[in-house]
Amino acid sequence: MKLTSLFKQDKTVFSFEVFPPKKESPIESVYGKLEEICALKPDFVSVTYGAGGSGGHSRTCEIASRIKNTYGVESMAHLTCVNSTKQMIDFMLGDFQAHGIENILALRGDYVPGVEPKKEFCYASDLTSYIRSKGSFDICGACYPEVHIEAEDEVADILNLRKKVDAGATHLITQLFFDNSVFYSFIERAKIARVNVPIEAGIMPVTNKKQIERMVSMCGASLPAKFSKMMQKYENKPEALRDAGIAYAVEQIVDLISNGVDGIHLYTMNNPYIARKITEAVSSLL
């Protein structure tokens with residue numbers, strides 16, 4: 001099923017993100033967690049391109065295939081391009097197609113220290129255009145409510161986003177954010193730039209302070225005062241921080257749904273407990 005069809009229904013799309021295990025761990029190590037997460041019946045599950053960039057295409061494909069063909073939930077595979085040639089991308093697209101995977105999140109990907117980029121695809125929009133030329137996939141793009149850390153400014157960032165949509169992205173998923181007002185401002189900028197495709201809000205529940213600080217340093221998301229106070233109060237109480245983080249995420253989601261968001265994309269961190277608690281809290285609103 002092409003994910004575009006989900007956004008034509010009169011409902012808030014609710015989806016999850018999972019990631020493959022690190023390359024030193026057997027892929028089977030995540031199957032139990034995946035089964036629990038898929039049992040919650042999200043509209044779809046996206047699979048990142050290896051945990052921390054490791055594992056790469058084969059694990060992403062295998063897990064996306066298992067989600068769809070074994071657990072019966074539609075899947076979307078992440079695909080990065082900065083370190084790939086067209087020949088490599090052709091192979092990966094063929095592999096996805098052979099496993100029945102119809103949906104791809106097209107990303108530039110991170111530069112690897114000491115590795116020269118292939119230079120056949122410099123931007124996510126280049127990959128999006130190339131996949132679109134193949135004609136058989138639904139393509140999603142990433143977007144950044146608080147501006148991509150490499151962008152010159154808000155204007156440059158939103159114009160680059162428009163390039164992705166013009167290249168063939170039919171819907172978008174945001175980077176994590178913790179202040180909904182930032183998301184609403186971003187939506188207004190997107191409308192002005194005629195980015196007229198559905199945009200899912202990416203929500204990451206807090207599980208531990210160091211993890212969030214690392215993610216924020218990588219993507220540039222800001223931390224509202226009440227969020228920072230929550231982390232400081234419970235940073236030495238793991239269960240309390242987890243439960244407070246779930247409550248904060250639920251509060252964000254309720255507000256977003258009330259304001260007509262196209263969808264919620266929950267970064268589950270492969271944690272069935274967190275995915276279940278949040279799903280149970282918001283399911284009646286979807």
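**View 1. The closed barrel of 8 strands in the predicted model.** The strands follow the order S1-S2-S3-S4-S5-S6-S7-S8 with parallel pairing (strands are DSSP E runs of at least two residues and helices H or I runs of at least four, both numbered from the N terminus; two strands pair if DSSP finds at least two bridges between them). From one strand to the next, the twist averages 30 degrees (angles run from 0 to 180 degrees between N-to-C directions, with axes as lines fitted to C-alpha atoms, for helices over the stretch in contact). This is a predicted model, in which local features need pLDDT of at least 70 and side-chain atom pairs count only at pLDDT 80 or more, while totals for chains, interfaces and linings use all residues. Residues are numbered from 1 along each chain as its sequence is written, and side-chain values use heavy atoms, leaving out hydrogens and water.

View 2. S7 (residues 199-203) pairs with S8 (residues 263-267) in the parallel sense over 4 bridges. Glutamate 200 has glycine 263 in S8 as its bridge partner. Helix H6 (residues 180-192) packs on the sheet and touches S5 (138-143), S6 (171-174) and S7 (contact means heavy atoms within 4.5 Å). The direction of H6 makes about 155 degrees with that of S7. H2 lies across S1, S2 and S3 (75-80), and runs at about 170 degrees to S3.

**View 3. The buried side of helix H1.** Tyr31, Leu34, Ile37 and Cys38 are the buried residues of H1 (residues 31-38) (buried is under 20% relative accessible area, exposed over 50%, partly exposed in between, with a 1.4 Å probe and protein chains only). These residues lie on the same side of H1 because they cover an arc of only 125 degrees around the axis (the arc is taken over the directions from the helix axis to the C-beta atoms). Their cover includes S1 (13-18), S2 (44-47), H2 (56-69) and H10 (272-282).

**View 4. The largest nonpolar core.** This core has 64 residues, of which Ile67, Leu79, Phe96, Ile131, Leu172, Ile264 and Ile278 touch the most other members (a nonpolar core is a set of buried Ala, Val, Leu, Ile, Met, Phe, Trp, Tyr and Cys residues joined through side-chain atoms within 4.5 Å). Helix H9 (residues 238-258) supplies the largest share, 6 residues. Beyond neighbours within four places in sequence, isoleucine 278 contacts Phe14, Pro205, Ile246, Ala249, Val250, Ile253 and Leu266. A second, separate core of 28 residues includes Leu6, Met76, Met215 and Tyr267.
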